[in-house]
Amino acid sequence: VLNGMIGAGIFGLPSKVAASAGVLSPWLFVAAGLLVIVIVLAFAELGSYFKDSGGPALYSTTAFGPVVGFGTSWIYYVSRISSTAANSHVIAEYLSKIGSGWVWFDTPAGHAIVVSVVIGGLTVINMLGVKNSIRTLAVFTFFKLVPLLMLILLGLQFVSPDVLFPEALPTVQDPGGTMLLLFYAFIGFEAIVMTAGETKNPRRTIPLAMVKTVLVITVLYLLIMLVYVVVLPDELDSGATLADVASRIVGPVGAVVIALTAVFSICGNLAGSVLSASRLTLSMAEQRLLPQWFGKIHTRYASPANSVLFFGGIALAVALSGTFEKLAIASTLTRMIVYSVSIAALPVIKRRADPEVSANAFKLPGGYTIPAIALALCIWIASYSKPESWIFTGGLLLVGLALFGLEKLILRNRSA
């Protein structure tokens with residue numbers, strides 16, 4: 001969950017949110033985190049009814065049948081592709097901050113090489129099996145969290161009551177668009193349900209992991225933004241990054257450390273994306289929603305090798321043809337669509353659940369009140385997406401529908 005959520009968002013969003021909300025920025029992160037918790041709680045209850053991999057693919061198919069299930073699954077897949085493609089560009093940007101000799105990384109050629117090496121390397125690692133993937137995630141998690149915590153500890157000394165409780169509150173410009181950006185820093189919590197079939201006691205561990213981690217990350221984002229606004233009070237609309245914050249506190253060495261932290265953070269996020277998204281196409285192949293080529297398991301490493309390879313290839317192609325901002329917005333839109341369908345499936349799943357499974361499921365207080373609020377929230381956030389994001393989503397959805405039709409044609413010919 002940590003690697004699914006702490007990626008490029010917290011490194012790229014502070015300047016944009018601060019430019020829109022000023023000293024209110026830290027509290028907007030808290031507001032976004034609390035809203036996301038509502039969605040997380042709905043997913044926590046959903047996940048407690050299943051022990052198999054697949055996440056949204058499994059939920060939507062179980063409740064609404066293969067057609068809706070495939071559409072939801074593929075849109076989620078598109079979301080993982082777009083976020084992976086978007087975040088890989090940020091690695092190149094932060095590498096250019098390390099020193100004057102590294103500026104080349106922020107050129108078109110530099111972006112192309114970094115994106116190719118990162119996505120290609122993570123694809124190979126994931127083809128070597130889930131244990132190697134988890135070990136990689138553990139390394140990235142350590143290197144991303146320690147410097148961020150040090151930045152917080154060093155920066156909190158500058159926090160004063162005037163910053164925490166300002167007398168004159170600024171007006172938030174474009175609150176809907178700002179919240180759309182904030183949500184990009186929180187999406188990804190659902191990645192853990194994609195590998196439920198490879199997790200011990202998933203009905204208990206997965207709901208707790210999602211809720212606890214989102215709460216911790218909300219506090220982490222609050223503290224990072226507090227440090228940002230107190231260290232750079234006169235530069236909130238200048239586009240300054242966390243590397244600039246570290247440079248102000250510690251000096252040039254601090255900027256280098258945070259730049260490397262961003263690289264490790266985003267690599268960890270991308271590693272989690274390749275791990276979870278490849279299991280999505282595996283699940284769809286097992287449900288006969290995609291050609292069986294996607295369900296082939298490597299004889300030596302027991303990984304869904306073809307699914308991993310396909311995801312890596314298409315993510316690389318999208319990354320080389322798009323920009324961070326466009327891909328990030330598209331990722332948020334597609335995630336809201338998937339969340340909406342998954343939450344709508346909850347009442348159907350609860351009604352059809354085996355009594356023994358239902359008795360041990362994670363139950364939300366208030367019946368369907370929290371899921372209903374979560375569904376309305378997803379629709380509200382999606383309404384602020386730009387038309388180009390809908391076009392991007394529709395284009396890749398057509399690719400998925402073609403593969404879906406191919407599998408159905410193969411099944412029909414075999415039956416004949």
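I took helices as DSSP runs of H or I with at least four residues, and strands as runs of E with at least two, numbered from the N terminus. The model is predicted, so I read local features at pLDDT of at least 70 and side-chain atom pairs at pLDDT 80 or more, while totals for chains, interfaces and linings use all residues. Residues count from 1 along each chain as its sequence is written, and side-chain values use heavy atoms, with hydrogens and water left out.

**Entry: a surface patch**

I looked up M150 and found it in helix α8, residues 130-155. Is M150 buried or exposed, or partly exposed? Its relative accessibility is 44%, so I noted M150 as partly exposed. My cut-offs: buried is under 20% relative accessible area, exposed is over 50%, and partly exposed lies in between (1.4 Å probe, protein chains only).

M150 belongs to a nonpolar surface patch with V139, F142, F143, V146, L153, L154 and V250. Together they have about 730 Å² of accessible area. Areas come from the Shrake-Rupley method with a 1.4 Å probe, and for residues only the protein chains shown count as cover. A patch takes residues with over 30% relative accessible area and no salt bridge; like charges are joined within 9 Å, nonpolar side chains (Val, Leu, Ile, Met, Phe, Trp, Tyr) within 5 Å.

**Entry: salt bridges**

How many salt bridges does the structure hold? I found 2. The term means a side-chain nitrogen of Lys or Arg within 4 Å of a carboxyl oxygen of Asp or Glu.

One joins the side chains of K350 and E45, at 3.1 Å from N to O. K350 sits in helix α15 and E45 in helix α4 (residues 25-47), so this pair ties together parts 305 residues apart in sequence. K350 is partly exposed at 21% relative accessible area. E45 is buried at 0%.

Another joins R288 and E407, at 2.9 Å from N to O. This pair also links distant parts of the chain, 119 residues apart. R288 is in the loop between α13 (252-286) and α14 (305-321), and E407 is in helix α18 (residues 387-415). R288 is partly exposed, with 26% relative accessible area. E407 is buried, with 1%.

**Entry: the second largest pocket**

I then turned to the second largest pocket, which has about 330 Å³ of space. Its lining has 18 residues, and G177, L180, L181, E325 and I329 lie nearest its centre. Helices α3 (14-21), α10 (175-184) and α15 (324-352) each give two or more residues to the lining. By class I noted 9 nonpolar, 5 polar and 4 charged residues.

A pocket here is an open set of points on a 1 Å grid over the protein atoms alone, where a 1.4 Å probe fits, with protein on both sides within 12 Å along at least five of seven lines; lining residues have an atom within 4 Å of a point.

A277 lies in helix α13 and is buried at 0% relative accessible area. Its C-alpha is 26 Å from that of L34, 243 residues apart along the chain.

S276 is in helix α13 too, and is buried at 2%. From S276 to G65 I noted 22 Å between C-alpha atoms, with 211 residues apart along the chain.

V67 is in helix α6, residues 66-95. V67 is exposed, at 61%. V67 and Y339 are 17 Å apart, C-alpha to C-alpha, and 272 residues apart in sequence.

Key: Points joined across faces, edges and corners; volume = space filled by probe spheres on them. Nonpolar A, V, L, I, M, F, W, Y, C, P; charged D, E, K, R; others polar.
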